Amino acid sequence: MTPPSTTAEGNPAPARISLRQSADPRYVLADRVEQLYSQMPTAVIATLVISVVAAYELRQGRYAEIVIFWGVLVLMLTFARAGLYWSYRRTRDKVGEAAQWLRWLGISALAAGATWGFAGAVFFPSHADEQQVFLAFLLAVLVGGGIPIYAVSWPVYALYAGGILFPFTYVLATFGNKLFVEIALIVPAFYLLNVGIAYRLNRVFNSGYRLRHAYGKLTEDYTALNQRLEQQLIELEEARRQVEASGRKLALFAERSPIAVFEFDPEGRILNMNPAAETLFGFSSREMLGRAGTETLFPSDASGDIAERWRQLIRSREPIFGLRLNNTRRDGAEITCEWSLTPLVNTESRVISVIVQGRDITQQLEAERMKQEFTSTLSHELRTPLTSIIGSLQLINSGVLGDIDKDVLELTTIAERNGQRLLDLINDILDVEKIESGKLTLFPETLLLGELLDESLALNRGFADRFKVRLATAGEPQAVTVSADRKRLLQIMTNLLSNAAKFSPEGSTVTVNMDIVDGCVRVGVNDNGPGIPESFRNRIFGRFAQADMSYTRQKGGTGLGLAICKRLIEMMGGKIGFSDRDSGGTTFWFELPKL
Amino acid sequence: MPAQPLNRICYVEDDEDIQRIVRMSLEKVGKMTVEVVGDPMVAIDRMIAFKPELVMLDWMMPGMDGPALYRKMLETDAVKALPVVFITAKASSRELDELRKLGAAGTISKPFSPRDLPEQLRAIWHALP
């Protein structure tokens with residue numbers, strides 16, 4: 001089929017339809033066979049009637065018994081044809097088996113023709129002149145009458161008429177009468193003429209059936225198209241309803257949103273703004289529509305810069321998130337807002353408008369600044385007096401100022417220890433704050449891990465002594481280097497060692513060992529403590545985590561240590577964990593990549 | 001490494017309590033000679049008079065903070081070669097790094113232990129080129 005083309009005016013060109021292609025030949029054949037069979041009852045009844053008339057006319061000849069024989073033959077054939085008709089009517093697959101039914105019909109037509117041919121050949125010579133005329137007339141009528149019956153398939157007709165005429169022609173030619181020989185010469189011409197007519201009719205029928213089928217198919221296609229169109233129309237309507245609903249939803253979002261929402265055209269003029277935007281800037285949307293937002297909403301000295309940024313946004317068509325800008329309100333007050341800009345781009349990659357959402361973060365920034373200031377103040381203002389307190393107590397307790405009374409020493413020792421505890425807490429809180437605000441910077445250097453571990457043991461011996469716990473290295477020392485922040489790694493070791501010492505029984509030894517595991521070095525701190533309670537295991541590295549509040553009071557500590565250790569080790573590219581020891585107690589370990 | 005042991009130290013610090021503790025620590029524990037200066041504005045003059053072997057500067061001081069004083073020392077010929085140790089309670093790692101690049105000998109963070117302070121200073125002293 002010619003693909004549908006479009007003319008210059010945009011109207012679809014009339015489609016050229018080929019009948020041969022639109023009509024399925026199988027169906028055309030089936031229709032023809034159907035037509036042939038539908039005429040069968042007429043043909044059979046007509047044959048029977050004519051046979052009876054013929055038999056009556058011919059009864060007086062010399063061969064009455066042959067006439068009876070012929071009558072019986074006609075009767076049998078009539079039954080056979082009725083049976084064929086009946087079988088055809090009962091068949092289901094009239095389309096698939098059409099060719100087969102046509103063949104059967106051809107055979108039956110040939111048989112019907114031959115029956116008459118037999119009558120002509122046998123009765124013509126044996127009867128008187130007037131009966132011969134009757135017979136010849138009868139055969140001519142049968143040949144002519146067969147045309148409307150069989151013309152739907154000319155070969156069937158050719159078989160039928162051939163069956164009638166060939167025996168008759170033979171008898172005429174061999175009769176020994178000159179006139180009959182001349183008629184015998186005309187009969188084939190008459191036969192060919194009739195077959196020719198049947199052939200022409202056959203073609204007319206064929207094109208008629210094809211036309212009918214093509215039309216049927218067109219109607220079918222048209223109906224299907226109509227149904228599809230209808231379906232699409234329904235879907236389109238549904239889509240329209242959805243778009244409308246989401247449009248309403250969006251409008252509602254913008255309407256009720258606490259965030260200021262603007263829609264700008266590509267030139268930076270305000271097309272739309274929500275109530276939050278009105279509240280934030282103090283302008284009503286009526287007075288703002290159509291005004292250049294880049295000028296109205298920003299401090300005058302920044303408008304050039306803002307206009308340039310805007311042009312960049314329109315050029316790049318890329319959304320911008322978290323843009324912090326200083327804005328001015330109607331009353332002249334300056335605020336800081338965080339903006340998200342989303343250009344809406346059409347299918348031709350042109351920016352139609354820009355959705356701009358903003359939030360006043362002035363107070364948030366102020367709060368952040370105050371928090372930083374507070375942290376800084378906490379750091380300095382708490383540490384400075386603590387330096388004096390702890391320093392004084394240390395000088396007294398060290399004995400450099402002379403001997404002091406035992407009770408006084410006990411109290412000043414308590415004061416020093418608790419001063420230290422307060423300091424640890426402050427340091428831990430500051431560390432957590434620094435880690436969480438992302439302000440903690442590490443200074444990694446290449447370290448001999450063994451040396452660092454020895455140093456950490458030396459630093460913490462004094463603390464362990466208080467719990468009457470010994471600190472020692474275990475296993476073979478290994479020359480392993482790692483990249484780590486020395487001060488922070490010492491902090492981690494101090495945490496693990498002091499925890500181990502705190503929770504180990506008096507007189508026991510806390511050991512530190514080093515193993516190489518898959519390109520990493522694993523440092524274990526092994527204690528002989530009571531182990532980690534089940535309920536505490538999954539939050540041991542959380543903040544303010546301690547197994548039991550009574551322990552906290554008894555053993556001291558902020559509960560922040562392990563949380564800090566975990567973050568620090570992770571920042572150095574390692575990991576931290578713990579496991580139960582077979583001999584009782586716990587191993588806290590950390591791993592760092594080996595250099 | 002300097003040939004002679006560390007003995008004369010000048011300490012610039014505005015907090016009188018800490019002044020006293022550091023003086024006691026260095027004199028009683030460390031057996032050193034200490035000159036404490038409370039006003040950073042006169043610190044350089046006092047250094048020139050005292051001739052210390054090492055200078056300790058507090059980071060936060062009113063009028064002129066430790067780093068500013070250090071930069072001023074670097075502009076003064078008589079004292080620019082002196083090793084300087086900062087005592088600090090809050091400096092960020094970045095600032096400390098910067099000072100180390102300028103040539104500061106070391107830093108000691110607050111609160112320090114007066115018991116260990118002389119040893120810490122001696123360790124820095126021994127580490128000097």
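These legends describe close-up views of a predicted model.

**View 1. Chain B meets chain A.**
In this view, 19 residues of chain B are in contact with 19 residues of chain A. Look at the chain B side. Two elements each give two or more residues to it: α1 (16–29) and α4 (93–102) of chain B. Helix α1(B) provides the largest share, with 7 residues. What classes of residue make up the side of chain B that touches chain A? There are 9 nonpolar, 3 polar and 7 charged residues.

**View 2. Helices α6 and α7 of chain A pack together.**
Two packed helices are described by the angle between their axes and the distance between the axes. Here the helices are α6 (residues 129–150) and α7 (residues 154–173) of chain A. Their axes come within 9 Å and cross at roughly 175°. An angle over 145 degrees counts as roughly antiparallel, so α6(A) is roughly antiparallel to α7(A).

**View 3. Side by side, residues of α6(A) and α7(A) meet.**
From α6(A) come A:Leu139, A:Leu142, A:Val143, A:Gly146, A:Ile147 and A:Tyr150.

**View 4. Five strands of chain A form an open sheet.**
The 5 strands run in the order β2-β1-β5-β4-β3, and the pairing is antiparallel. Which strands stand at the edges? They are β2 (270–273) and β3 (320–328) of chain A. Each has a single partner strand, so one side of each is left without a neighbour in the sheet. On average, neighbouring strands are turned by 30° against each other, direction ignored.

**View 5. Strand β1 of chain A pairs with β2(A).**
Strand β1 covers residues 260–264 of chain A. It pairs with β2(A) in the antiparallel sense, over 3 bridges. Find A:Phe264. Its bridge partner in β2(A) is A:Ile270.

**View 6. Helix α12 of chain A packs on the sheet.**
The helix touches three strands of chain A: β3, β4 (334–345) and β5 (351–360). The direction of α12(A) makes about 25° with that of β4(A). Helix α12 (residues 303–316) has 14 residues. From its first C-alpha to its last, α12(A) reaches 20 Å, close to the 20 Å expected at 1.5 Å a residue. Just after α12(A) comes A:Arg317, which takes a positive phi of about 60°.

Methods. Residues numbered from 1 in each chain as written. Chains lettered and ligands numbered in written order. Predicted model: local features only at pLDDT ≥ 70, side-chain atom pairs only at ≥ 80, totals over all residues. Contact = placed C-beta atoms within 7 Å. Helix = DSSP H or I, 4+ residues; strand = E, 2+ residues; numbered from the N terminus. Nonpolar A, V, L, I, M, F, W, Y, C, P; charged D, E, K, R; others polar. Axes fitted to C-alpha atoms, helices over the stretch in contact; angles between N-to-C directions. Parallel < 35°, antiparallel > 145°, perpendicular 65-115°, else oblique. Expected span 1.5 Å × (residues − 1). Pairing = 2+ DSSP bridges.
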